[in-house]
Amino acid sequence: HGCNHTDSDSNNYLSVIYHGHGVDGDTVFVDNNTGEDIQRVSFKEGRLVIFNSSLMHRSDAPSQGYRVSLGGVYPSVPIDTL
């Protein structure tokens, strides 16, 4: 399993995760203060998961084989205002 983490300390960025290939390996959002799971997005090939980069999250390991996912972080405001 992955470690709980954020992709940015700023609220001005969006994270995008693309579920490319696999059977499972959910994206799990956790409480920033307690680390407890608060929402689970099930893995599905072709799915995009878009969220504020400051949200704590992790990816669960697949139960079989491997999972391919691609992630990126993008500014949600014009770059010249960052």
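Trainee: Which residues is F51 in contact with, leaving aside its neighbours within four places in sequence?

Mentor: Good place to start, and keep in mind that this is a predicted model. Contact here asks for heavy atoms within 4.5 Å. Once the neighbours within four places in sequence are set aside, the partners of F51 are D7, Y13, L14, S15, I17, F29 and H57.

Trainee: Which residues make up the largest nonpolar core?

Mentor: In soluble globular proteins, nonpolar side chains tend to be buried together. In this model, the largest nonpolar core has five residues in all. Its members are I17, F29, V41, V49 and F51.

Trainee: Which elements give two or more residues to the nonpolar patch on the surface?

Mentor: Let's look at the patch itself: L14, Y18, L48, I50 and L70 form it, and together they have about 470 Å² of accessible area. Two or more of these residues come from each of β1 (13-21) and β4 (48-52).

Trainee: Is L70 buried or exposed?

Mentor: You will find L70 in strand β6, which covers residues 68-75. Its relative accessible area is 55%. The cut-off for exposed is over 50%, so L70 is exposed.

Trainee: And S8, is that residue buried or exposed?

Mentor: S8 sits in the segment before β1. Not counting residues up to four places away in sequence, S8 touches Y13, S53 and S54. Because its relative accessible area is 13% and the cut-off is under 20%, S8 is buried.

Trainee: Which backbone nitrogen does the side chain of S8 reach?

Mentor: Follow the side chain of S8 in the structure above. At 3.0 Å, it reaches the backbone nitrogen of S10.

Technical notes:
Residues are numbered from 1 along each chain as its sequence is written. This is a predicted model: local features need pLDDT of at least 70, side-chain atom pairs count only at pLDDT 80 or more; totals for chains, interfaces and linings use all residues. Side-chain values use heavy atoms; hydrogens and water are left out. A nonpolar core is a set of buried Ala, Val, Leu, Ile, Met, Phe, Trp, Tyr and Cys residues joined through side-chain atoms within 4.5 Å. Buried means under 20% relative accessible area, exposed over 50%, partly exposed in between (1.4 Å probe, protein chains only). Patches are made of residues with over 30% relative accessible area and no salt bridge: like charges are joined within 9 Å, nonpolar side chains (Val, Leu, Ile, Met, Phe, Trp, Tyr) within 5 Å. Accessible areas come from the Shrake-Rupley method with a 1.4 Å probe; for residues, only the protein chains shown count as cover. A salt bridge is a side-chain nitrogen of Lys or Arg within 4 Å of a carboxyl oxygen of Asp or Glu. Helices (H or I, at least four residues) and strands (E, at least two) are DSSP runs, numbered from the N terminus. A polar contact is a pair of N or O atoms within 3.5 Å; within protein, one must be able to donate a hydrogen and the other to accept it, and residues adjacent in sequence count only if both atoms are side-chain atoms.
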